[in-house]
Amino acid sequence: MNVFDFYNGHTKVYGIIGNPIEHSFSPVLQNTILQTTGFNGVYVPFKVEEKDIKKAVEGLYALGFEGLNVTVPHKISVMNCLCGIDETARKVGAVNTLKRTENGFKGYNTDILGLKKSFSINKIEVKGKKTMLLGAGGAANSAAVLLAELGAEKIVFVNRTKEKAEALKNHISSFYNGKTDVISFDDIYTYEKPDIVVNATSVGMGEGVWQSPVKEDSFFKGIEAVFDVIYIPWETKLLNDAKKFGCKCVNGFDMLIYQGIASYEIWHDISVSDNMAVEIKDSLSQYFLKGGNNK
Ligand code: NDP
């Protein structure tokens with residue numbers, strides 16, 4: 001790749017807004033996608049305070065940004081700054097991708113698309129299955145909508161703060177006809193065994209690394225597949241425990257990569273080929289396994 005071919009007067013600009021933003025993987029991910037696809041574009045991170053979100057979105061539109069990603073804590077508040085919101089993003093209740101249109105930015109949610117792709121390539125079959133969703137935050141919202149859309153027979157919501165699980169269950173029940181229930185973490189060991197467990201809590205990363213929201217590992221006996229949205233560490237305690245009982249275990253890395261590819265596809269109205277997606281994933285997993293963003 002030659003720098004003379006890039007960053008000229010034709011360069012399209014993309015970015016991500018969030019706070020904090022320093023640890024975001026998206027600049028590396030999106031610039032890798034831009035390079036791999038050979039597109040003359042650049043992607044940059046912006047730390048934006050909550051009080052400045054409207055000004056930032058308007059300013060980036062005025063500067064001609066073609067697309068943006070939005071991360072914590074702006075995924076909900078940014079919805080008030082858009083000219084339209086895609087149907088799926090509205091169902092999830094959060095937006096992480098903005099696409100430039102004639103009238104302003106339109107909002108999309110690609111976390112759910114990344115999760116869907118990860119289920120598909122890792123052959124996690126949800127249709128007709130009993131599922132258990134741990135967590136009721138942003139990632140859990142995407143997972144819940146996806147489990148419903150993929151035709152799970154049942155979704156059991158488990159969260160430390162039970163009211164949030166109740167609220168998510170009520171929201172999902174407004175368009176999902178399958179069975180639902182809300183239970184506490186203490187109840188999961190005696191409750192009817194699910195086929196698929198999705199961990200969408202943040203337990204197991206950051207300060208809680210090598211902790212698991214599931215305290216008794218025998219819980220995993222007889223469970224078909226366990227998906228953890230976390231990708232740092234590569235294998236959480238939860239996945240390590242589940243692996244011992246023969247469960248199919250998938251971490252959040254594919255979800256992360258494919259949500260980024262989905263944003264790129266939305267911005268460019270194209271479909272990235274499977275081969276190119278694998279090329280992007282391979283170069284990023286090398287980067288990731290070497291320590292990633294800790295530079
Ligand atoms: P939120 O802050 O919205 O939600 C966090 C969830 O974790 C809540 O359900 C919270 O429960 C639960 N939780 C936190 N601490 C504990 C604890 N000590 N015990 C039990 N439950 C706890 O975060 P997000 O949903 O945005 O992110 C969750 C995880 O998903 C993060 O690790 C994030 O990195 C990952 N993620 C991965 C993506 C990917 O592409 N792979 C995309 C997006 C997120 P409570 O409601 O009680 O506070």
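Reader: Which residue does Glu-235 form a salt bridge with?
Author: Lys-243, with the closest N and O atoms 2.8 Å apart. A salt bridge here is a side-chain nitrogen of Lys or Arg within 4 Å of a carboxyl oxygen of Asp or Glu. This is a predicted model: local features need pLDDT of at least 70, side-chain atom pairs count only at pLDDT 80 or more, and totals for chains, interfaces and linings use all residues. Residues are numbered from 1 along each chain as its sequence is written, and side-chain values use heavy atoms, with hydrogens and water left out.

Reader: Is Glu-235 buried, exposed or partly exposed?
Author: Partly exposed, at 28% relative accessibility. Lys-243 is partly exposed too, at 47%. Buried means under 20% relative accessible area, exposed over 50%, partly exposed in between (1.4 Å probe, protein chains only).

Reader: How many salt bridges in the whole structure?
Author: The search finds 16. Asp-217, Lys-237, Asp-241 and Lys-244 are linked in a network of them.

Reader: What does Glu-192 pair with?
Author: Lys-130, at 3.9 Å, N to O. That pair links distant parts of the chain, 62 residues apart: Glu-192 sits in the loop between strand E9 (179-183) and strand E10 (196-199), Lys-130 in strand E7 (residues 130-134). Helices (H or I, at least four residues) and strands (E, at least two) are DSSP runs, numbered from the N terminus.

Reader: And Lys-179, what does its side chain meet?
Author: Glu-153, in a salt bridge of 3.1 Å, N to O. Lys-179 is in strand E9 and Glu-153 in the loop between H5 and strand E8 (154-158), 26 residues apart.

Reader: Switching to domains. What are the bounds?
Author: Domain 1 is 12-109 + 254-289 and domain 2 is 113-251. Such bounds come from an automatic or database domain assignment. The domain centres, taken over C-alpha atoms, are 25 Å apart. The contact takes 14 residues from domain 1 and 19 residues from domain 2; contact means heavy atoms within 4.5 Å.

Reader: How much area is buried between domain 1 and domain 2?
Author: About 1,500 Å², with carbon and sulfur atoms giving 70%. Buried area is the accessible area (1.4 Å probe) that two parts lose on being put together, summed over both.

Reader: How many salt bridges across that interface?
Author: Two by the rule. Lys-117 forms a salt bridge with Asp-274, closest N and O atoms 3.8 Å apart. Helix H3 (87-92), helix H8 (253-268) and helix H9 (274-289) each supply at least two residues of the side of domain 1 that touches domain 2. H8 gives the largest share, seven residues.

Reader: Where is Asp-254?
Author: In helix H8. Asp-254 is buried, at 9% relative accessibility. Its side chain makes polar contacts with the side chains of Asn-122 (3.0 Å) and Lys-281 (2.9 Å). A polar contact is a pair of N or O atoms within 3.5 Å; within protein, one must be able to donate a hydrogen and the other to accept it, and residues adjacent in sequence count only if both atoms are side-chain atoms.
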